[in-house]
Amino acid sequence: MGELFTNRNYMLLWAGLTVSRFGYRFFNLAILWFVMQETGSALSLGMTVLCFTVPTIIIEPLAGVAADRFDKKKIMVLSDIFTGSTMLIIAILMIYGSLALPLLYALLVCLAASMALFNPSANSSIPLLVQEEQLTKANSLNQLSTQGSNILGPALAGVLIGFVGNIGFLLIISGAAFIISAITESWIKVPRINNHKKDGKQSFVSEMLDGFQYVKKDKALLFLVIVGGIIINFFLAPLTIFFTYMSDYVFDVGASGLGFINSILAAGAMCGSLMIMFNVFKDKYRMAVAGLLLEGIALFIMGIALNYYATVAAAGLLGLGVCFASVGLNTMYQTMIPKEMMGRVLSLVSMLLGASVPLGQLFGSLIIEQYSTAVILMLFGAIVSLSSLSLIRVVREEKKEGMIVEREAP
């Protein structure tokens with residue numbers, strides 16, 4: 001653990017990511033609240049969410065190529081400066097009452113594009129800054145800051161919105177967070193990886209297709225992405241809809257009850273991060289399978305009991321599983337993918353996983369009122385559990401190959 005905290009470059013990156021994540025969560029809730037107050041329209045709210053998500057899915061594969069081709073640090077710094085500046089522009093327009101909805105949508109698309117450009121460079125920098133034996137703990141620390149921002153960002157924004165008349169003043173905090181993140185990242189030294197296969201004439205599209213071809217040829221990686229990523233994401237994505245529906249129509253606990261479920265889920269994930277950091281769970285392969293299995297078991301418990309307190313307890317178990325699965329899978333991706341292709345392949349994986357989320361949410365919203373909630377949760381739990389067990393073969397093969405490489409190393 002000490003080695004990770006003395007790794008100056010990684011800790012600077014982690015600090016920047018933590019600050020910007022907090023700013024983004026703060027910004028996200030404030031913007032959604034602003035749109036709801038201004039329009040009172042669920043359609044406008046949906047359009048706002050689309051502006052946050054669609055550009056990411058479109059741009060991220062190309063951003064991955066940029067991460068492999070250009071200086072990762074410069075991309076991160078410039079992206080954060082642009083993001084922070086755009087947030088400050090939105091804040092100023094909001095303060096002066098000049099923020100029309102179409103203009104807000106356009107600015108949100110710019111924000112999403114900027115963050116999509118940032119993510120592959122940040123994600124592919126981690127394996128370059130951290131030794132392979134420290135990757136699991138680095139990803140765990142990353143997960144800790146993600147869950148911490150998920151709790152503190154919306155909570156603080158929710159409290160301050162009630163005290164401040166104009167939300168624009170709050171958005172200044174978000175913009176400042178990204179500017180601070182850019183300053184922090186400017187001190188990082190990210191090693192450059194020479195890609196000997198590039199002749200300098202390949203287009204962005206052809207390099208992006210290289211990423212597709214790599215995933216397609218590596219059967220173990222492809223199976224991991226499809227089963228451990230796309231399928232699992234698809235069946236977990238509707239939980240935000242299910243929890244909202246259950247809190248209102250099944251448990252009758254209102255918004256406060258819903259908030260408590262989400263808080264316990266995030267707390268469970270934070271506990272998982274701490275457990276990994278203190279070596280309670282060391283093996284990334286077993287961690288990934290165990291995490292996915294815990295997710296399936298948690299869903300099954302929710303379905304069998306269909307009780308608020310059981311759901312709260314299962315949410316903690318779900319958060320623990322989400323953390324183990326996320327850290328385990330991310331570490332597996334980082335060790336399976338060549339460093340010179342890390343940006344484009346990780347961005348492709350991220351795009352596929354991201355695209356499965358809205359599809360899963362749409363599917364969940366269509367079935368939740370048509371079928372028994374208990375049956376849906378148990379069925380989803382069984383699918384997730386079986387998917388996790390199906391990964392055992394891939395895990396064994398990867399672990400075996402890793403041991404062979406270690407023996408052959410000089």
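## Salt bridges

A salt bridge is a side-chain nitrogen of Lys or Arg within 4 Å of a carboxyl oxygen of Asp or Glu. By this rule the count is 2 salt bridges. The model is predicted: local features need pLDDT of at least 70, side-chain atom pairs count only at pLDDT 80 or more, and totals for chains, interfaces and linings use all residues. Residues are numbered from 1 along each chain as its sequence is written, and side-chain values use heavy atoms, with hydrogens and water left out.

Arg-344 pairs with Asp-68 at 2.8 Å, N to O. Arg-344 lies in helix α14 and Asp-68 in helix α3, so this bridge ties together parts 276 residues apart in sequence. Helices are DSSP runs (H or I, at least four residues), numbered from the N terminus. Arg-344 also meets Asp-210, at 3.9 Å, N to O. Asp-210 sits in helix α8 (residues 204-217), 134 residues from Arg-344. Shared partners join Asp-68, Asp-210 and Arg-344 into one network.

Burial is set by relative accessible area: buried is under 20%, exposed over 50%, partly exposed in between (1.4 Å probe, protein chains only). Arg-344 is buried at 4%. Asp-68 is buried at 9%. Asp-210 is partly exposed at 28%.

## Nonpolar cores

A nonpolar core is a set of buried Ala, Val, Leu, Ile, Met, Phe, Trp, Tyr and Cys residues joined through side-chain atoms within 4.5 Å. The largest has 52 residues; Leu-221, Phe-243 and Tyr-333 are among those with the most contacts inside it. Elements giving it two or more residues include α9 (219-236), α10 (239-250) and α14 (342-367). Helix α13 gives the most, with 10 residues. Apart from this core lies another of 22 residues, among them Ile-31, Phe-52, Met-87 and Tyr-105.

Contact means heavy atoms within 4.5 Å. Leaving aside neighbours within four places in sequence, Leu-221 is in contact with Tyr-214, Val-215, Tyr-333, Met-336, Ile-337 and Val-345.

## A buried threonine

Thr-311 lies in helix α13 (residues 308-336). Its relative accessible area is 0%, so Thr-311 counts as buried. The Thr-311 side chain reaches the backbone oxygen of Asn-307 at 2.8 Å. Beyond its neighbours within four places in sequence, Thr-311 is in contact with Phe-243, Met-246, Phe-251, Ile-261 and Met-302.

## Surface patch

Leu-43, Met-47, Leu-50, Val-54 and Ile-58 form a nonpolar surface patch with about 470 Å² of accessible area together. Patch residues have over 30% relative accessible area and no salt bridge; nonpolar side chains are joined within 5 Å, like charges within 9 Å. Areas use the Shrake-Rupley method with a 1.4 Å probe. Leu-43 is in helix α3 (residues 42-69). Leu-43 is exposed, at 65% relative accessibility.

Notes
A polar contact is a pair of N or O atoms within 3.5 Å; within protein, one must be able to donate a hydrogen and the other to accept it, and residues adjacent in sequence count only if both atoms are side-chain atoms.
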